[in-house]
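Visitor: I am new to this one. Please show it to me, and then I will ask my questions.

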Amino acid sequence: MVEAARHLLSDEAVKLTTAEIAAALPEIYQPLFNHPELSIRVSRTCEDRLESTIRVYNLLAGQLNRPLRVLDLGCAQGFFSLNLANLGATVTGIDCLPANIDMCSRLAEENPSFKAAFRVDLIENIVAHLEPGHYDLVLGLSVFHHLVPAWGLAVVQAMFTKLGENITAGIYEMALRSEPPNWSHFQPENPRDLLAGYSFVHKLGDNGTHLSDVKRPLYVASNSYWFLGDQIGAFDSWTTESHALVHNASLGMRRYFFGKDTLAKLFIYDETGRGQMSVREHANEVAFLSSPPDNFKTPRLHLHGQNECEVWLVRDKIQGELLLTKITERKAYDANRVIREILAKLVVLEAVNLYCGDLRTWNVLIEPGGHPMLIDYGAISDRQGDCAWPYNLHLSFMIFVREVVTFSVFSPVPSRPACFQPEFFPEPYQSRFRKLYETPPETWNFALIHQVFSSIH
């Protein structure tokens with residue numbers, strides 16, 4: 001198939017030299033592979049995007065332990081196709097302009113060891129007939145914006161969704177609504193909206209064009225793997241909700257990817273208060289996991305990073321079940337042990353001037369052996385306050401204790417109920433809180449609470 005397609009030059013092009021085929025192009029949009037002398041007046045430099053593309057290619061090829069099968073949609077003069085073929089990829093390039101395919105086919109002929117095939121076709125036709133297992137990587141570099149005016153946003157979004165269902169990963173450069181050409185007002189306000197069918201979408205960078213000063217974002221997308229920094233990881237499940245009571249508080253801007261042994265977090269942010277919260281919590285988690293206190297068990301941090309619109313990290317996945325899940329599904333756990341061991345962790349944090357500002361049942365994981373673990377490391381900082389009402393760490397701890405010992409969880413919306421009086425608690429906690437109230441609340445700390453609770457077994 002590749003050999004047959006490689007020689008599909010038009011009858012006129014067969015008789016022409018490479019330079020003459022290049023001269024017949026309506027535009028030398030990309031550098032011509034191995035022909036710098038014909039690429040002096042190229043419309044777009046491609047080396048920046050090629051670097052990102054090769055990085056993704058190498059990560060996925062390393063993961064699959066073989067060269068990749070690549071589909072290049074809107075391949076133009078084949079710059080990306082031929083560079084990937086040079087790495088060993090088997091590439092199929094598609095373009096709607098016969099002159100472009102003539103150029104690609106001639107360049108493929110000049111490199112007989114390449115497994116590169118090119119043909120004239122429409123992207124919508126190719127996507128319509130896609131089936132799983134034919135390709136590993138798809139490229140769509142500044143081409144789909146031409147389809148939006150003709151087909152509409154919903155149809156083009158469905159094309160991306162089908163690509164995600166049938167091809168392991170995609171690299172897409174997206175044109176923006178802020179660009180000057182007349183097709184721009186057809187584009188979505190947020191180019192990520194077109195990639196809604198993908199679970200993992202990560203911005204690789206921004207690249208200039210020949211049309212304006214507006215830079216276009218380049219994304220890598222997949223429903224099977226995350227690509228972050230110089231690493232790749234498989235995931236078998238993902239969610240936008242960190243727990244069952246989050247009520248879409250992040251508006252889908254936070255994504256959690258669960259692999260066999262790792263948890264990857266990718267948070268998209270903007271200048272809103274919620275976006276800044278994501279940045280702050282990411283910084284807290286990175287700082288804490290990079291240098292946890294002695295005798296405080298934490299998962300290993302594998303990587304972390306940040307760009308102008310995303311923060312991310314990858315750490316070990318902790319085995320176990322959320323305390324919230326155990327409570328809501330009425331599964332057995334040792335309430336006294338949970339309180340005793342969580343309180344001991346709060347004391348360890350306090351000793352180094354760190355505090356957990358979001359102690360909740362959904363931020364405690366019960367390991368298979370029954371040990372509870374604090375897992376919201378983004379909530380740990382030197383700030384001595386809770387993230388929500390009653391904004392007091394010790395009163396928040398009392399609410400937590402009541403939920404744990406009564407096997408019930410209060411909805412955080414609109415706010416948690418006040419239950420700070422000792423009579424709200426069963427024994428022996430009622431008497432322990434009475435004893436705690438014998439000291440002025442302004443003198444409370446977790447070391448004191450631990451001392452008061454120490455007789456509970």
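Visitor: How many helices and strands are there in the chain?

Guide: First, a word on the source: this is a predicted model, where local features need pLDDT of at least 70, side-chain atom pairs count only at pLDDT 80 or more, and totals for chains, interfaces and linings use all residues. Residues are numbered from 1 along each chain as its sequence is written, and side-chain values use heavy atoms, with hydrogens and water left out. Helices (H or I, at least four residues) and strands (E, at least two) are DSSP runs, numbered from the N terminus. The chain has 15 helices and 19 strands.

Visitor: Is the chain a compact globule or more spread out?

Guide: Take the radius of gyration over C-alpha atoms, and a globule rule of 2.2 Å times the number of residues to the power 0.38. For 457 residues the rule gives 23 Å, and the chain has 28 Å, well over that, so the chain is more spread out than a compact globule.

Visitor: What box do the C-alpha atoms fill?

Guide: The box is taken along the principal axes. Its sides are roughly 100 × 40 × 35 Å.

Visitor: What share of the residues of the chain count as buried?

Guide: Buried means under 20% relative accessible area, exposed over 50%, and partly exposed in between, with a 1.4 Å probe and protein chains only. Of the 457 residues, the buried share is 54%.

Visitor: Which residues of strand β4 point one way, and which the other?

Guide: β4 covers residues 137-141, and five of its five residues are buried. Val138 and Gly140 point to one side. On the other side are Leu137, Leu139 and Leu141.

Visitor: Which strand pairs with β4 over five bridges?

Guide: Two strands pair if DSSP finds at least two bridges between them. Strand β1 (residues 69-73) runs parallel to β4, joined by four bridges. There, Asp72 has Leu139 as its bridge partner. Leu139 also has a bridge partner in Ile171, and the parallel pairing over five bridges is with β5, residues 169-173.

Visitor: Is Ser184 buried or exposed?

Guide: Ser184 lies in the loop between β5 and β6 (200-207). Its relative accessibility is 7%, so Ser184 counts as buried.

Visitor: Which residues is Ser184 in contact with, leaving aside neighbours within four places in sequence?

Guide: Contact means heavy atoms within 4.5 Å. With those sequence neighbours left aside, the contacts of Ser184 are Leu176, Arg177 and Glu179.
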